[in-house]
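Here is a short briefing on one protein chain. Look at the structure first, then work through the points below.

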Amino acid sequence: MKQMNNYIDSLFTNQDDLLEDVISSIKENGMPSISVSPSSGKLLTMLISISGSKNVLEIGALGGFSGICLARGFGKEGKLTSLELEEKFAQLAHSNLSKAGFGNQVSYLTGLAIDSLEKLVTDQKKFDFFFIDADKLNYENYLNYSIKLAEPGALIVADNVLAGGSVMDPETKSKRYTEFMREFNNTVANHPLLESILIPIGDGMTVSRVKK
Ligand SMILES: C[S@@+](CC[C@H](N)C(=O)[O-])C[C@H]1O[C@@H](n2cnc3c(N)ncnc32)[C@H](O)[C@@H]1O
């Protein structure tokens, strides 16, 4: 997987000073280096621009790397709502989105994503694109909430669905969430309301279109 990703990253992504600065800011603040890969970020940008999505919900902001990639997809006309457990992380993400020119197009809801999602449902909010990239054990819950909050035809993307390759390779050491990801992938692949595929870029992303 590493070799394949290095190949794709080196061929299909360019030096990106803004995103490099985001990575540095995450390290400087002692936060974990778990942003999406450069190619995964590019895929997010392209999926948003191809679909014309304008109202995006992200679950898991960290330092704003994927947030910037999502916002680049909708450009000047679009809005990102991002759910993040840690207030400090949301502040750094907001500062990085502002440096990228999207400060006025993003809002952060901090605390447990499940609580924010429940509130969004109560408030009858709707979104046309979802990016799930927070605590893995809640992916099924995040998927169900995303379907509830989805406009017809919305896209739902989830990261880390290959769990470092452990979901399909018995030689790869299992992660804490390997079995959950197998179940998640199974749900996504067979869900009656979704049309889905898994793209093996980065740590693997499922892309689902809501049929309803
Ligand atoms: C993999 S990182 C997100 C990376 C980000 N999407 C990117 O690529 O730039 C996961 C994030 O989810 C947040 N998180 C973990 N558990 C959460 C929860 N229960 N509710 C909301 N956010 C949570 C973590 O604080 C962390 O910032």
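Is Asp 133 buried or exposed? Asp 133 is buried, because its relative accessible area is 13% and buried means under 20%. Keep in mind that this is a predicted model. The points below start with the whole chain and then turn to single residues.

**Overall shape**

- The chain has eight helices and seven strands.
- Its radius of gyration is 16 Å, close to the 17 Å that the globule rule gives for 212 residues, so the chain is as compact as a globular protein of that length.
- The C-alpha trace spans about 45 × 40 × 30 Å along its principal axes.
- Of the 212 residues in the chain, 50% are buried.

**Salt bridges**

- Side chains of opposite charge can pair when their charged atoms come close.
- The chain has four salt bridges.
- One of them joins the side chains of Asp 16 and Arg 72, at 2.8 Å from N to O.
- Asp 16 sits in the loop between α1 and α2, and Arg 72 sits in helix α4 (residues 65-74), so this pair ties together parts that are 56 residues apart in sequence.
- Asp 16 is partly exposed, with a relative accessible area of 21%.
- Arg 72 is also partly exposed, and its value is 32%.
- Another salt bridge links Asp 123 with Lys 119, where the closest N and O atoms are 2.8 Å apart.
- Asp 123 is partly exposed at 38% relative accessible area, while Lys 119 counts as exposed at 51%.
- Lys 136 and Asp 133 also meet through their side chains in a salt bridge, at 3.4 Å from N to O.

**Surface patches**

- Asp 17 belongs to helix α2, which covers residues 17-28.
- Why does Asp 17 count as exposed? Its relative accessibility is 51%, and exposed means over 50%.
- A nonpolar surface patch is made by Tyr 7, Leu 11 and Phe 12.
- Together these three residues have about 370 Å² of accessible area.
- Phe 12 is part of helix α1, which covers residues 2-12.

**Two buried loop residues**

- Where is Tyr 177? Tyr 177 lies in the loop between β5 (150-159) and α8 (178-190).
- Tyr 177 counts as buried, because its relative accessibility is 12%.
- Tyr 177 and Ser 37 are 140 residues apart in sequence, and their C-alpha atoms are 19 Å apart in space.
- Ala 61 is found in the loop between β1 (55-59) and α4.
- Ala 61 counts as buried too, because its relative accessibility is 3%.
- From Ala 61 to Phe 131 the separation is 70 residues in sequence and 9.9 Å in space, C-alpha to C-alpha.

Key
Residues numbered from 1 in each chain as written. Predicted model: local features only at pLDDT ≥ 70, side-chain atom pairs only at ≥ 80, totals over all residues. Heavy atoms only, no water. Helix = DSSP H or I, 4+ residues; strand = E, 2+ residues; numbered from the N terminus. Buried < 20%, exposed > 50% of the residue type's maximum accessible area, 1.4 Å probe, protein only. Patch = residues over 30% accessible without salt bridge, like charges linked within 9 Å, V, L, I, M, F, W, Y side chains within 5 Å. Areas by Shrake-Rupley, 256 points an atom, 1.4 Å probe, with all protein chains shown as cover. Rg over C-alpha atoms; globule rule 2.2 N^0.38 Å.
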